[in-house]
Amino acid sequence: MIIFSRNRRLRTNESIRSLVRETVLTTNDFVMPMFIMEGENTQEAIPSMPGIFRRTIDLTVKECKELFTLGVKAVNIYMKVSENLKDNLGTEAWNKDGLMQRTIREIKNAVPEMIIMPDVALDPYSIYGHDGIITNGQIDNDATNEVLARMSVSLAEAGADIVAPSDMMDGRVAAIREALEETGHINVGILSYAAKYASSYYGPFRSALDSAPKDFNEIPKDKKTYQMDFHNSREALNEVYKDIEEGADIIMIKPGLPYLDIVAKVRQEIDLPIAVYNVSGEYAMLKAAAQNGWLDNDKAIIESLTCIKRAGADMIFTYAAKEAAILLNH
Ligand code: PBG
C-alpha cells in the first residue's frame with residue numbers, strides 16, 4: 001500500500017515543526033495580576049497560590065520593574081482593603097489617596113511604560129463581599145454603576161491606562177465611558193469582563209483578598225445574579241456585543257482553560273482584542289499537581305498558556321506570567 005499523505009513528515013524534527021507552527025507564545029501576551037496591601041517592605045505568601053504574594057506598594061514597584069525587564073508590560077492590580085475601610089457603597093474605592101490610587105501613581109512614576117489595569121468592582125471594598133451595592137437585600141445594578149464610574153475616574157486621575165470592570169453589572173461600560181469622556185480621560189481604555197462566569201475557580205483569589213460574599217441574612221451568598229451561568233454559551237456573545245456597543249476597547253472572557261470553547265466562539269465573531277483570564281483556581285490546580293510531582297510545572301505552564309492563545313486570546317491574564325516570561329527568555 002502506498003500512503004500519499006504522511007502528516008508525520010512535518011513533525012520530523014524541531015526545525016520543521018517550528019516552521020509550520022501556528023501559534024507562538026511570547027511575553028507580549030501576558031498581563032500579571034498583583035495583590036497589594038498596606039505597609040512597608042512586606043510580602044505575605046498566599047497559601048493556595050504558591051509563588052504569589054500580597055505585597056506592599058514598595059515591593060510591588062520593585063516587582064513591576066523586574067516584570068518589565070522580563071518583557072511583561074501590563075499589570076492588573078487588586079487591593080486588600082482594611083476591614084475598617086469597608087462599607088456598603090465602596091466609598092474607599094474612589095478615595096484619591098486610597099491604596100489603589102497610591103499604587104497606580106507609584107508604579108507609573110517608577111515604570112512609566114508599564115500598562116496599569118486596575119480592577120473595577122466593589123467586592124474588596126464591600127462589607128458584604130459583593131461586586132455591587134446592596135439595596136433591600138438585592139444587588140442594586142444602577143446605583144452600583146454610578147459608583148463604578150466614579151471609581152474609574154478616580155483611577156484614571158491616578159494614572160491608570162485601562163480600567164478593567166469585573167463586576168458584571170448591566171450598562172456599566174457605558175456609564176464608565178461617559179464618565180471618563182466627561183472628565184477628559186479620553187485615552188483611558190476599558191477592558192470589560194464581558195463574559196464572566198459564576199465560577200468555583202475564583203476560590204483562591206477570594207481568600208487572597210478576603211473578598212468572598214459574606215454570610216449575612218437575606219443577602220445572596222453567591223454571585224449568580226450577576227455573573228454568568230456556566231451552563232450557557234450563546235449568552236456569552238450577547239454579553240460581548242452589548243459591551244462592544246457600550247464602548248469597550250478589549251473584551252475579557254473568564255475563567256480560561258475550562259472555557260476555551262467560549263473563547264473560540266467569540267473569536268470567530270468579533271474583531272476586538274480578546275483577553276482571557278487564567279484564574280486563580282486554574283493556577284492552584286497546576287501548582288498542586290506540580291508540587292506533588294504529578295505534572296511537569298514548566299511544560300504544563302507553557303502548554304496551558306499556548307492553548308489559551310490558540311483558542312483566540314490576544315492577551316492572557318495569568319499568575320504564571322513571570323515564570324512563563326523567564327522560561328520563554330531562556
Ligand atoms: C472580583 C474579581 C474576582 C476575580 C477577579 N476580579 C473574583 C470574583 O468575581 O469573585 C477572580 C480572579 C481569579 O480567580 O483569579 N470582581
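A cavity, on a 1 Å grid over the protein atoms alone, is a set of points where a 1.4 Å probe fits but cannot get out. A molecule sits in one if more than half of its atoms lie within 2 Å of its grid points. Here the ligand sits in the largest cavity. This is a predicted model: local features need pLDDT of at least 70, side-chain atom pairs count only at pLDDT 80 or more, and totals for chains, interfaces and linings use all residues. Residues are numbered from 1 along each chain as its sequence is written, and side-chain values use heavy atoms, leaving out hydrogens and water.

**Around the ligand**

- A polar side-chain atom of lysine 196 lies 2.7 Å from a ligand oxygen.
- For serine 280, a side-chain N or O atom is 2.7 Å from a ligand oxygen.
- For glutamine 227, the corresponding distance is 2.9 Å.
- The protein covers 100% of the 400 Å² of accessible area (Shrake-Rupley method, 1.4 Å probe) that the ligand has on its own.

**Cysteines**
- The structure holds zero disulfides (pairs of cysteine sulfur atoms within 2.5 Å).

Note on methods
Polar contact = N/O pair within 3.5 Å; in protein donor to acceptor, adjacent residues only side chain to side chain. 1 Å grid on protein atoms, 1.4 Å probe; cavity = no way out; pocket = protein on both sides within 12 Å on 5 of 7 lines; lining within 4 Å.
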